[in-house]
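Q: I'm new to this one and would like to go through it slowly. Could you put the model up first?

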Amino acid sequence: MTSLTFYGGVNEIGGNKILLEDQGTKIFLDFGMGFGIRGKFFEEFLTPRTANGIGDFLEMGLIPDIVGVYRNDLLTHYGRPPEEPDIDAVLLSHAHADHANYISFLNENIPIYCGETAKLILEAVEEQSKRDIENEVLNFKRRPLFRKDYKKPPIERVFKTFRTGDKLKIGNLEIEPVHVDHSVPGAYGFIIHTSDGSVVYTGDLRLHGNNPQMTLDFVEKAKESKPVAMITEGTRIDIKEDKSTEQTVYNTAKSIIGNTNGLVIADFNFKDVDRFRTFYKIARESDRKVVISFKHACFLERYASDKKLSVPNSDDENIMLFKPKLGTGTYDDDDYSNYRFIKNRLHYQNIVTADELRENQSAYMIVLNFWYFNNLIDLKPENGVYIHSLSEPFNEEMEISYERMKNWLDHFNLEFYQAHCSGHAPRSELIKIIREINPKKLFPVHTEHPEMFKEFFDNVDVVEKGREYEI
Ligand SMILES: [Zn+2]
């Protein structure tokens, strides 16, 4: 008998934690952080206490209270006895936090399967992040963490990487990962062959990106498997259709930048390698150098090591590395070399300071996120533009930041432009994908509107969190 239990991604966008059981084999499909449920109780200065082990996360429902899953240091710290791991594997669809980050809490003997590129991205994140209990995906340090233990090496998790065409054998399951197109490279859907037939999991996907063929490959394979069940993402089931593509982002940004003499500021997520390529291309065509941060360099260098992605490395002649002043935002320590990801790159020849950028604004496009806007005080942009290449705010918290961002732009006379296309399929694409795959049962996750699928399909299960569904 095969069953599915949904512990996350239920009535919320992200936080997927889906347990699949088949004759004693147990795997989780993703184990992500749920921003929705987390934001219901916590914010920037009110956070789950790590001094309570895993307790605050369990109590507030950020992770399910189930046996045989979690790190023993966190359980004993919370006053519970240690447990033997009782999960055979986690299949990670892609390296976005809402699918990956709560792997941090899992017992180190549970192996994590992910795409090769997804692993590179997790490494880039690890290199640039401070150790944090919600961000210990690759490795962790036992809690409580005393000063005397700081120097001890972390405990490494077991990662097994795959590419399309590989077949994974886990217990009595055979699993085929197939690439899909999403706003991060190394994204996969899974076809899981169980004793009751195949179960298909989309992860996050779209058809309007630069690589629709990847998603179509997955759809084709999934259809061939004649699935008894399909777990589909539904982030944008409420958006009828969407005309924005990576090409429209390029067209919009290109014309804005072509009409600008001042500094160009581009704000996009560096995990989105297609978006990087779009802006890199425009910069080349506009005789501007692309200025990135040391954190961005962590990503770019991993991407460059993946020949299939064919992106320039951080020492490319058209790329400069921005060295911020100390005491700005995250760089509050008194020495650059106290930041591992900066220290390792301080010898680079293509480092540029705010003073140099300020003197020659028309020669650069800087990738700068709102959280680093205090650097504008040093850059003093004139006649500049700011291209917001991220989604528009969709909740109150984001609205407030958005207002604050606009105040900064007003202060520095920066013209605001929006140019973005989503990583998720809108309704028209979701319907097309699901009709083609034609599963017996449909389980929408990763959406605030699962019931909307009932308008288009008559085999929909609107799932309840924590309930077991037989298939
Ligand atoms: Zn995603």
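Q: Leaving aside its neighbours within four places in sequence, which residues is phenylalanine 443 in contact with?
A: Phenylalanine 443 is in contact with Leu4, Phe6, Ala229, Met230, Ile231, Thr232, Asp461, Val463, Tyr469 and Ile471, where contact means heavy atoms within 4.5 Å. Before we go on, please note that this is a predicted model, in which local features need pLDDT of at least 70 and side-chain atom pairs count only at pLDDT 80 or more, while totals for chains, interfaces and linings use all residues. Residues are numbered from 1 along each chain as its sequence is written, and side-chain values use heavy atoms, with hydrogens and water left out.

Q: Where does phenylalanine 443 lie, and is it buried or exposed?
A: Phenylalanine 443 lies in strand β21, residues 441–445, and has a relative accessible area of 0%, so it is buried. Buried means under 20% relative accessible area, exposed means over 50%, and partly exposed is in between, with a 1.4 Å probe and protein chains only. Helices (H or I, at least four residues) and strands (E, at least two) are DSSP runs, numbered from the N terminus.

Q: And what about threonine 232, what does that touch?
A: Not counting residues up to four places away in sequence, threonine 232 touches Thr202, Leu430, Ile434, Leu442, Phe443, Pro444, Val445 and Phe453. Threonine 232 lies in strand β13, residues 229–233, and is buried, with a relative accessible area of 1%.

Q: Switching to the metal, which residues are the protein donors of the zinc ion?
A: They are His94 through NE2, His96 through ND1, His182 through NE2 and Asp204 through OD, lying 2.2 to 2.4 Å from the zinc ion. Donors are N, O and S atoms within 2.8 Å of the metal (3.2 Å for Na, K and Ca), and water is not among the atoms, so sites may look incomplete.

Q: Why is the arrangement irregular?
A: The four donor atoms subtend angles of 89 to 177 degrees around the zinc ion, which makes the arrangement irregular. Four donors count as tetrahedral if all angles lie between 85 and 135 degrees; four count as square planar and six as octahedral if opposite donors are over 155 degrees apart and all others between 65 and 115; anything else is irregular.

Q: How are the donor residues spaced in sequence?
A: The spacing is H-x1-H-x85-H-x21-D. Histidine 94 is in the loop between β4 (89–91) and α4 (97–100), and aspartate 204 is in the loop between β12 (197–201) and α6 (212–224), so the pair ties together parts that are 110 residues apart in sequence. Histidine 94 counts as buried at 0% relative accessibility, and aspartate 204 is buried as well, with a relative accessible area of 1%.

Q: Now the backbone: which peptide bond is cis around proline 144?
A: The bond from arginine 143 to proline 144 is cis, with omega near -5 degrees, and proline 144 has its place in the loop between β6 (139–140) and β7 (155–156). For background, most peptide bonds are trans, and most residues other than glycine have a negative phi.

Q: What is phi at asparagine 383, and at asparagine 413?
A: Asparagine 383 has a positive phi near 50 degrees, and asparagine 413 has a positive phi near 55 degrees. Asparagine 383 is found in the loop between α12 (376–379) and β19 (385–388) and is exposed, with a relative accessible area of 62%. Asparagine 413 lies in the loop between α13 (396–411) and β20 (415–418), and counts as exposed at 62% relative accessibility.
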